[in-house]
Structures are given as C-alpha cells and as structure tokens.
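User: Let's go through this one together. Start wherever you like, and I'll butt in with questions.

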Amino acid sequence: MSDGLKRVYGIDLGTTYSAIAYVDEHGKPVVVPNQESERITPSVVLFDGESIIVGNTAKEAAKVEPHRVVSRVKQHMGDAQFVFEYEGQVFSPEDISSFILRKVVGDAEVALGGEEKITDVVITCPAYFGTDEREATANAGRLAGLNVRAILNEPTAAAVAYGLEHGEDQVVMVYDLGGGTFDVTMIEIKDRLIRVICTGGDHRLGGALWDEAIVMALAESFRQQTGLDSDPLDDAEVLNDLFLQAERGKKTLSQRDKAPFRVTHAGHQARVELEKGHFEEITKHLLDRTVQLTREMLNDARVKGYNRFDKIILVGGATRMSQVRNRLVAEFETEPESYDPDEAVAKGAALYGLKESLEDEVRQRLALSGLSDDDDSVNIDLAAVSQEDMEIALDKIERELGYTLTGPVRELVSTQIVNVLSKSLGVVAKDENNREVVVTLLPRNGEVPMETTSDFGTDLANQQGVDIRVMAGERDSTEPGDCKDVGIATLNLPASLPARSPIRIKFAISKDGRLSVTATDLTGGASIAVEFETEAVMKPEQVEERSAALRLISVS
Ligand code: AMP
C-alpha cells in the first residue's frame, strides 16, 4: 500500500502453529509464507548455543534434544511461575513467544522482498484469555520490538474474515479447536456490526491432547507386544518421537481409516496400526468436553436472549478431524462450515489491522479538513461521524492511495466490533460468617468496555490500609479456591478509622481488556486511585530493558 496508509500485519500466535498476514490493495487478506515456504510455522523454539531456531527445525530437534526445545508455550502465558532454563539463563513465556514473533515477522520481511520493515501488528489470542494472558501476549510483541496495535480475540478475528466474505446478517457459532485451546463463541454479524454475544472454552483443551491419547495407546501397545517392564514414556527422546508420530498419524486419520506407527525403545521395536474407530474411542472424552462447553456457552447466550444460531463455523486445525464435524451434526443438527481453519485468524487480524490504520487516516483527514470540531485527530470519535463525512474522508484517502478501496473494506471502517469479558472479575471480601468469598464486580460475558462501583467496609478498627485482592473466575463461583489471582491493589488509610469504615471500589475494563481499579475512602472523602499490580505481568520499563537484552540473541 502507499506511504499514507500504515500497513498493519495480523499475527495468529498459535499454541502449535503461527501465521502472519496482511491485506493487499484489492482488499484481500494474504498469508505470507516463512523461509521454508510454509504458510504456517510451528510455534516451537530451539535453543541452539547462542542463537534461537523457530519452526520445523526446532520441532524435529525435539526428538533428539528435548531439553533444548520449548513447545506449546502459549499455555503458560500469564503464568509467573513458568520459566525455561537454558545454560544458566531464564526465559519467560513472553520471552519465548517473542522469539516466535521475531521468526514470523523476520521471514515475512524477507518474503516481501526485504524492503519493508514490519512494525505494526495485531496479535490474536483465545477469547478465553484473561487480563494477565492478554497483557503477556502484548508484551511478547513489545519484546520483539513490535508496535502492538491490538490484541484481538481469535474467534472475533475469524468472524471479521468470515463477515467480509459473507455479507448477510447472521448469528454464527465459531467452534475453534486449535493445537492447545478450545474456544466456542457466539457472534452476531450485522451490517457494520460484529458483536460477540458469549464465549466459553478451555485453554488447555486442544489437538495436543488427541496426540497425547495416541501416545498413551502406542506405549500400551509397545508394552503388550514386547512384554517389557521398561516404559517408553520414561525416555524423553522416545516420548518426543512418539508425539511427532502421533500428530502425523492423527492427520492421516483425518483422511484414512488407519495409521501406522513404529515404537522403538530399549532395543525393541513394535509396529502399531491404529484404527480410526479406536482413535475416536480413546479420545471421545475430549470431544465430549467440547460439546459440554458448547452447551454451557449456548445456555449463557440464551440468558442474553439469543436462542438460536444460523451457522457453525469451524476454525482451528484440529477441526479437520472428521469426528468433530460428525459429532456437531449429531448434537446440533447443523452442518458445520469449515472456514479456512489454519489461516482465518491471521487474515481476520490483518483486516482488523487495516481497519485500525484506515481509522487513523480518516481521523486525520477529518481533523485537517475541518469536518470535525476536534483539531486533535486522536480524540475524534468515529461513531459520531456522519456517514457522508466518512465517505468524503475515504474518497480522499483513495485519491491519495491511487487505487479504490473495495466496498467491504470501506465498510470495515464504520463496522463496530463489540467484545465481551471472558472471565468474571471480582474482589475477595468477608461474608457475614467471616468467610472469604469472591464478590463479582464485572460479570463474565458482559460487554466491554464496562465499569462498576461497589461499597465495602474495613474489617478492623485502626486499619492502616486495605489490600484489594482481585480474582478472575471462569465459572460463577464465589469460592476463592475456584478463581485465579489477578493481582493486588493496596489502599492506604488515614489513622484511627473505626471498623466497617466504608470503602468504595471501582472496576473499569477497557475495550481491549485492561483492568483499572480505583478505591475511595468514603470517610475521608478523598478518592485515591490505587496502583493496580498484576502478578504475572511485566512493567513497561522491564519490557524495554528485557527487549534490548533479547534482541542481542539471533533468531532464525
Ligand atoms: P491451530 O492451533 O489452529 O494451528 O491447530 C493446530 C492443531 O490442529 C494441531 O493439534 C494439529 O495437529 C491439528 N491439525 C492440523 N491439521 C490437522 C488434520 N488434518 N487433522 C487433524 N488435526 C489437524
């Protein structure tokens, strides 16, 4: 595109595979292949001496050097406890994800002729990710030296891509079974509106568990055939080889009725042939769980007044398993539509990026042309701009670009994208029996942005401060044990307040899922915005420092 319009790339940072896309001048999203000429890159990282290798080579190396390889790091995003140690150095999930991002970005730059530097990106994450995981994902981008314009939900990205191709009004259910996560989301696509109604899922349920089930079956067959005591699963190299074979075999079973395997361990070899029926049997519980989570999501949607959907859209590589389609037909009496399972998310993210960048341009044109009262383009609210002024600004952009934007791309600018909160957010307080409970302030599946205020009381007289312990819940449970700590905010109190002094707590969640907490000591009357510290997320200055250090390491 021309100099005027900043190209924003969409990156699907997947558990097992990642992909990058942009939108060309015909308004078509295009996936950029990696240096190995593949359109998706395994999200696997090999620590190779001084440098890092990402992708297929790393995936293969897992067989012989498992201790140097990290895969499925996405499952640990936002987990402060997870670190990978290599030669005395410690790497966080954000660090490792930043290597994956550098690989896909660097390869795309080369594939595009090496003239353009990729700076601005939209990165996707499962709808199920909470605030910590989202912030960690954004930090991975920053660590890779990228300007992260947005963190977008994967199903929303898929719906953006789908909505652009299929213009009619409809309610779709996006069933997204990837390598490591399962997301199920109901989305309303209307003229100039993409609204997430409800979302559910499990961020540990994905294709990798189907692989694991195959691995277990292979080990069992090996033990039966050889009669050996020694377990192939105890040998890290054999285990990695079995995982690679399992993934390949699983893909074979998407096309054929049986798949061959060979297990070699402790000087013995076993040949195993896995029949599709048996594969389906040993993984039925996993599919059951996706159906159960889908039903739960549909119940939530019903509460919000949505009783039906028009289509089921399948995204995520693991939806290629034929049993997924068959089961969904049996359960919901709707023939699912497979929609670009590997690439829809990256493409949708690229379209969202284009939307962001076009919106910036429109705002600037409006500010310059005096069509808006606001001189500062950043403050212009596009929702308040008339359709006519919008068209004038877009025409101007087209003239400068020297080509026409397609109708659906023009419409993207004024398309509103509405998301919901995937986990409820609340604070820990004591109930009348002095028991700790989680009081929900922002409910799951509420539309973002949203804010709420609630009054609490101090526990003791002369309390010096209150710790506002923020927790996220996946189910509607009030038990702290069922929820996850998000962070703590501390409010210092003036001396000699009596017990039960009122404290007002305000929670506000932004459009992109960032939480801010304000507490007011109502006795003193002064509002004190408390610093909210999330436990698992790096601070901006830490990110900058770490980014400089990581960029000394070469990634290929
Ligand atoms: P994604 O995270 O969307 O890239 O999905 C990756 C998952 O899809 C991995 O578990 C892959 O093994 C799985 N997958 C990809 N292609 C197939 C296929 N043809 N049959 C079954 N599973 C597949």
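Analyst: Arg500 is exposed, with a relative accessible area of 60%. Exposed means over 50% relative accessible area, buried means under 20%, and partly exposed is in between, using a 1.4 Å probe and protein chains only.

User: Before we go on, what kind of model is this, and what pLDDT do local features need?

Analyst: This is a predicted model, where local features need pLDDT of at least 70 and side-chain atom pairs count only at pLDDT 80 or more, while totals for chains, interfaces and linings use all residues. Residues are numbered from 1 along each chain as its sequence is written, and side-chain values use heavy atoms, with hydrogens and water left out.

User: OK, back to Arg500. What's up with its phi?

Analyst: Arg500 isn't a glycine, but its phi is positive, at about 65 degrees. You'll find Arg500 in the loop between strand 25 (483-492) and strand 26 (502-509). Helices (H or I, at least four residues) and strands (E, at least two) are DSSP runs, numbered from the N terminus.

User: And Asn445, where does that sit, and is it buried or exposed?

Analyst: Asn445 is in the loop between strand 21 and strand 22, and it is buried, at 5% relative accessible area. Its phi is positive too, near 70 degrees, in a residue other than glycine.

User: Which way does the Val448 to Pro449 peptide bond go, cis or trans?

Analyst: That bond is cis, with omega near 0 degrees. Pro449 belongs to the loop between strand 22 and strand 23 (450-457).

User: Switching to charges: how many salt bridges are there?

Analyst: The structure holds 51. A salt bridge here is a side-chain nitrogen of Lys or Arg within 4 Å of a carboxyl oxygen of Asp or Glu.

User: What does Glu447 pair with?

Analyst: Glu447 bridges to Arg195, with 2.6 Å between the closest N and O atoms. Glu447 lies in strand 22 (residues 447-448) and Arg195 in strand 14 (residues 193-202), so the pair ties together parts that are 252 residues apart in sequence. Glu447 is partly exposed at 36%, and Arg195 is partly exposed at 22%.

User: And what about Glu436?

Analyst: Glu436 makes a salt bridge with Arg469, where the closest N and O atoms are 3.9 Å apart. That pair links distant parts of the chain: Glu436 is in strand 21 (residues 436-442) and Arg469 in strand 24 (residues 465-473), 33 residues apart. Glu436 is partly exposed, with 41% relative accessible area, and Arg469 also counts as partly exposed, at 25%.

User: What do the side chains of Asp48 and Arg68 do?

Analyst: They meet in a salt bridge, 3.4 Å from N to O. Asp48 is in strand 5 (residues 44-48) and Arg68 in the loop between helix 1 (56-61) and strand 7 (69-71), so the bridge ties together parts 20 residues apart in sequence. Asp48 counts as partly exposed at 33% relative accessibility, whereas Arg68 is buried at 19%.

User: Which residues form a network of salt bridges?

Analyst: Lys284, Asp288, Arg295, Arg327 and Glu331 are linked that way.

User: Now the ligand. Which residues come nearest?

Analyst: Of the 15 residues around the ligand, the nearest are Gly179, Glu247, Lys250, Ser254 and Ala318. Near means that one of a residue's heavy atoms lies within 4 Å.

User: Last one: how many residues of helix 4 are buried?

Analyst: Helix 4 is mostly covered, with 10 of its 12 residues buried. Among them are Glu154, Pro155 and Tyr162.
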